[in-house]
Amino acid sequence: MLPLYLFLFIVGGGIALLSMAGDILGGGADLDFDPDLDLDVDAGSGPGLDGSSIWKAFSLMGLVYGIMGAGATGTLLHLLWDGDQVLVTGLLAAGAGVVSGAGASLILGYLKSSGSGDVASERSFEGLAAQVLLPIQGEVPGQIRIRKGAREHVLRALPFGSASQAGPQPATWTHVVVVEVRDGVAYVTPGGPALDSLNP
């Protein structure tokens, strides 16, 4: 069983490290899993989990931490007991995985729902200047880079309203201002100063 525990620990730990690297490096190296893949804990469910909310305790990152916890616990116990207590090791490793995964999900869900984390809401980008990374081709979204605080964010972008009909075509825009953000897509208009001088 030791190879299985080591595999779980390496896979879970590797994904967790990649996620942390994305948080630290930000910008183009952003590897966050939060925005689209988390199954957040219902903020109104309180500390207890009933039958309908138990599955919400496991976000994608919670599953990763659960795998890592099970692998680490299984590896340590296997080495501690020289592989003798196979059943007990397996049960304790599974239990540790459930506890660590649920705990991580609850903590991440609380931080996200309370705004304690560093995840910017969509509305917080509105009114900020951005630099175009990939040209906006009419109805085909481009990409923009926004600096907010100490972090840089990359969003898909489309022209706002009839902005594509007035002045230069969107494909020629190099700097834009975010008017609105919906479902992870920024709707922008041309103009605005260089990104380096704004959005402290």
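Here is a short chat about the predicted model shown above.

Student: Hi! How many helices and strands are in the protein?
Tutor: Hello! This is a predicted model, and the protein in it has four helices and five strands.

Student: In what order do the elements run from the N terminus?
Tutor: They go α-α-α-α-β-β-β-β-β.

Student: What do the five strands form?
Tutor: A closed barrel, running E1-E2-E3-E5-E4, and the pairing is mixed. On average, neighbouring strands of this sheet are turned by 55° against each other, ignoring direction.

Student: Do tell me about E3 and E5. Parallel or antiparallel?
Tutor: Strand E3, residues 151-159, pairs with strand E5, residues 185-190, in the parallel sense, over four bridges.

Student: And which residue does Ala 157 stand opposite?
Tutor: That would be Ala 186, in E5.

Student: What holds paired strands together, in general?
Tutor: Strands of a sheet pair through backbone hydrogen bonds, in either a parallel or an antiparallel way.

Student: New topic, the surface. Which residues form the nonpolar patch?
Tutor: Met 1, Leu 4, Phe 7, Val 11 and Val 86, and together they have about 460 Å² of accessible area.

Student: Which helix gives the most to the patch?
Tutor: Helix H1, residues 2-25, which gives three residues. Met 1 sits in the segment before H1.

Student: Last one: what share of the contacts with a separation of 6 or more is between residues 24 or more positions apart?
Tutor: Those pairs account for 57% of such contacts in the protein.

Terms used: Residues are numbered from 1 along each chain as its sequence is written. This is a predicted model: local features need pLDDT of at least 70, side-chain atom pairs count only at pLDDT 80 or more; totals for chains, interfaces and linings use all residues. Side-chain values use heavy atoms; hydrogens and water are left out. Helices (H or I, at least four residues) and strands (E, at least two) are DSSP runs, numbered from the N terminus. Contact means heavy atoms within 4.5 Å. Patches are made of residues with over 30% relative accessible area and no salt bridge: like charges are joined within 9 Å, nonpolar side chains (Val, Leu, Ile, Met, Phe, Trp, Tyr) within 5 Å. Accessible areas come from the Shrake-Rupley method with a 1.4 Å probe; for residues, only the protein chains shown count as cover. A salt bridge is a side-chain nitrogen of Lys or Arg within 4 Å of a carboxyl oxygen of Asp or Glu. Two strands pair if DSSP finds at least two bridges between them. Axes are lines fitted to C-alpha atoms, for helices over the stretch in contact, and angles run from 0 to 180 degrees between N-to-C directions.
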